[in-house]
Amino acid sequence: MANSSSRYLITVCQHRSCLRNGAAETLAAFQQHQSDHLLVQGCECQGQCGSGPTVRVMPGDTWYCRVQPADAQTIMEQHCTPGGQPVESLLNPRLHQTQSAYANLAEQYQAFTQSQPAD
Ligand code: FES
């Protein structure tokens with residue numbers, strides 16, 4: 001879904017598990033892009049502790065996982081721009097079903113059914 005907004009809110013979890021995985025550095029990387037069109041802030045636990053640092057982008061409520069400082073530039077360039085798209089490779093798969101994830105599952109199922117004779 002293309003993004004038609006020109007203003008964004010980015011929240012970066014600053015709770016324990018995410019901090020252990022570098023969330024302070026991830027927040028700092030996003031803050032380098034702060035502007036009139038972008039609000040970046042830390043937030044409390046978002047309930048995705050096993051896949052942090054967790055980053056959410058509004059509008060659209062896009063959830064990213066395992067976001068490293070270098071990923072901030074990618075998200076800014078590909079998502080947080082008029083007409084931008086979420087960065088599929090960084091989406092949290094628990095919260096965003098991707099077409100490629102479904103395709104992989106379908107391929108695995110097809111391979112399984114062809115390799116195992118039915119009883
Ligand atoms: S500690 Fe970051 S989502 Fe829970």
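Author: Pro59 is found in the loop between β3 and β4 (62-64); helices (H or I, at least four residues) and strands (E, at least two) are DSSP runs, numbered from the N terminus. The model is a predicted one, in which local features need pLDDT of at least 70, side-chain atom pairs count only at pLDDT 80 or more, and totals for chains, interfaces and linings use all residues. Residue numbers start from 1 along each chain, as its sequence is written.

Another cis peptide bond links Gly52 to Pro53, and its omega is about 0°. Pro53 belongs to the loop between β2 and β3. As background, most peptide bonds are trans, and most residues other than glycine have a negative phi.

The loop between β3 and β4 also holds Asp61. Asp61 is not a glycine, yet its phi is positive, at about 50°. Asp61 counts as exposed because it has 9 C-beta neighbours inside 10 Å. The classes are set as follows: a residue is buried if 20 or more other C-beta atoms lie within 10 Å of its own, exposed if 12 or fewer, and partly exposed in between, with C-beta atoms placed from the backbone.

Beyond β4, Arg66 sits in the loop between β4 and α3 (69-78). Arg66 likewise has a positive phi of about 50° without being a glycine. With 18 other C-beta atoms within 10 Å, Arg66 is partly exposed.

Now the strands beside these loops. β3 covers residues 55-58 and pairs with β1 in the antiparallel sense over four bridges; two strands pair if DSSP finds at least two bridges between them. Within that pairing, Ile10 has Val57 of β3 as its bridge partner. β1 (residues 8-13) is also joined to β2 (residues 38-43), here by six bridges, and these two strands run parallel. In β2, Cys43 stands opposite Cys13.

Leu95 is partly exposed, having 17 other C-beta atoms within 10 Å.
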